[in-house]
Each structure stands twice: as structure tokens, then as C-alpha cells.
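Hi,

Here is the structure I promised to pass on. Have a look at it first, then read my notes below.

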Amino acid sequence: MVLQALADLLLPRTCLVCGRILGAREKHLCIWCEEDLPFTYYWEQIHNPMANELNALLERYRPKDESMSYVFAAALLFYHHENPYKQIPQALKYRGNRLAGQYYAAQMGRYLASATQFKDVDLVIPVPLHWYRKWRRGYNQAEIIAKELASALGARLGADILYRVRRTRTQTRLDAESRLKNVANVFRIRHRPSAPHHILIVDDTFTTGATLSACYFVLRSALGPHVRISVATLSVVQN
Ligand SMILES: [Zn+2]
């Protein structure tokens, strides 16, 4: 605490959301912004809007001979383009702020571990970045989140199970169907996981679910129908 106070004197830290200078006891947000975090509480609701959207997409594109059970999905925070709380996932993704990402992912891990539909997860798989992008950024933001979730859930981290075979163009302007075409055949299995019971696929933000669906189908076809596959992200885009 004394060291933090000293460090703050030399180089003041600011709240990620409002920019106010942080006190020694404040971690990444000031107490006011921390108080107002836009939690989704989706981990308390099996049929939440994000899970419904993902399941609709999976249902539309699943192989016709395959029956599907409802896929569990949750995010920690709402993401809105006009809301300054988008700074939390963006700090992790674009500005190298791994500590804030880890902090909120650990918080999410505690919520997931308390939810009946997630607490038996035994393998956590981050959505992979293309190696070139990972090399440029220095890390995969989904892997940072996945590591915290795995630790909170007492699950293995499977960061080398999936890989991305090519870079995809930026998806920000595409709708769900174009996004799914954009990411179809992009993911492959590198190492087949040994006998998982319940897999959690993790990404930083859920927008349309296309990337997560592509990972879901790759894992589903490699592992067969008996492994449960769920989804978790740090934030979910709210339109
Ligand atoms: Zn603030």
C-alpha cells in the first residue's frame, strides 16, 4: 500500500472509465465507476439474450444430421459503443493493459464458479489469434481471460488446442452471416484434448457469436456429441 502510494505520486494512475486519478486503494476504476459496473448477470440466467442469440446461430448452421442441446453462454459486462465502460475490454485488447483484463476476468471466474451450469467446466479454450497478430500484440487477449477463468473453475487451460489458419479481415462492419462466412474454416485442432467433460470457449467480446460458433463447430466435430461445450466472454455488445 505504501509502495503503491509512492508509485502513484510519481506516476498517477487514472480510472479506466472516467479518467479520475486513482487513490492507492483503487485498482483500475475509481470507486464510483466500480460501483456502477454494467454487469449482465447472465451467469444467473441459463436462457439469457446472449445465449439465445448464440443458440439461434448454431441451430441455423449446424450439420443437419446433428441434434443440439442448448449451449450455455455468459459475459461479465455489457459493451456499448457510447459507454465509457467499453474501455475495460479495449484496454486489454488494444492498449496492453493485461492487469485490468486479469482483474475483471478473475472476478468473472468467481461468478462462473458459483453458477450451476458452469461449475463443472474442466477445460477452458481461448479463441486463438493468428500467430502473426499474437506476435504483434505480444499476447492473445482471450488467453489472458481464459487463464483466469480456468484457475477460478479449477479447470485445465487448453491454449494450444485450437489454432487459426489464416488472418481474417476486421469484422466490425459485418453482420452475423457475413462474419460466419469470414471465419468459416479458419480454425483447426492442433492437439486433441483428452476426454474433457465440459469445455468453455473464451473470447474477449461477444458481438454476433460468429467466431465462437466457428470454434464450437470445430470442437464439436472433433469430440463428438457427448462433450458439453459452453461459451464465456468478458463483454457482450449491447445494441
Ligand atoms: Zn471512474
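Before the notes, one term: two residues are in contact if their C-beta atoms, placed from the backbone, lie within 7 Å. Also, this is a predicted model, where local features need pLDDT of at least 70, side-chain atom pairs count only at pLDDT 80 or more, and totals for chains, interfaces and linings use all residues. Residues are numbered from 1 along each chain as its sequence is written.

Let's start with V124. Leaving aside neighbours within four places in sequence, V124 is in contact with A146, L149, A150, L153, A155, L157, G158, L200 and V202.

V124 also turns up in the largest nonpolar core, which has 64 residues. (Such a core is a set of buried Ala, Val, Leu, Ile, Met, Phe, Trp, Tyr and Cys residues joined through C-beta atoms within 7 Å; buried means 20 or more other C-beta atoms within 10 Å of a residue's own, exposed means 12 or fewer, and partly exposed is in between.) V124, L149, I201 and V202 have the most contacts inside this core. Helix α7 (residues 141-153) gives the most to the core, with 8 residues; helices here are DSSP runs of H or I, at least four residues, numbered from the N terminus.

Now the domains, whose bounds come from an automatic or database assignment: domain 1 (1-36) and domain 2 (37-237). Their C-alpha centres lie 29 Å apart, and 7 residues of domain 1 are in contact with 8 residues of domain 2.

Finally, is F217 buried or partly exposed? F217 counts as partly exposed because it has 19 C-beta neighbours inside 10 Å. F217 is found in helix α9 (residues 210-223).

Cheers

Methods: Helices (H or I, at least four residues) and strands (E, at least two) are DSSP runs, numbered from the N terminus.
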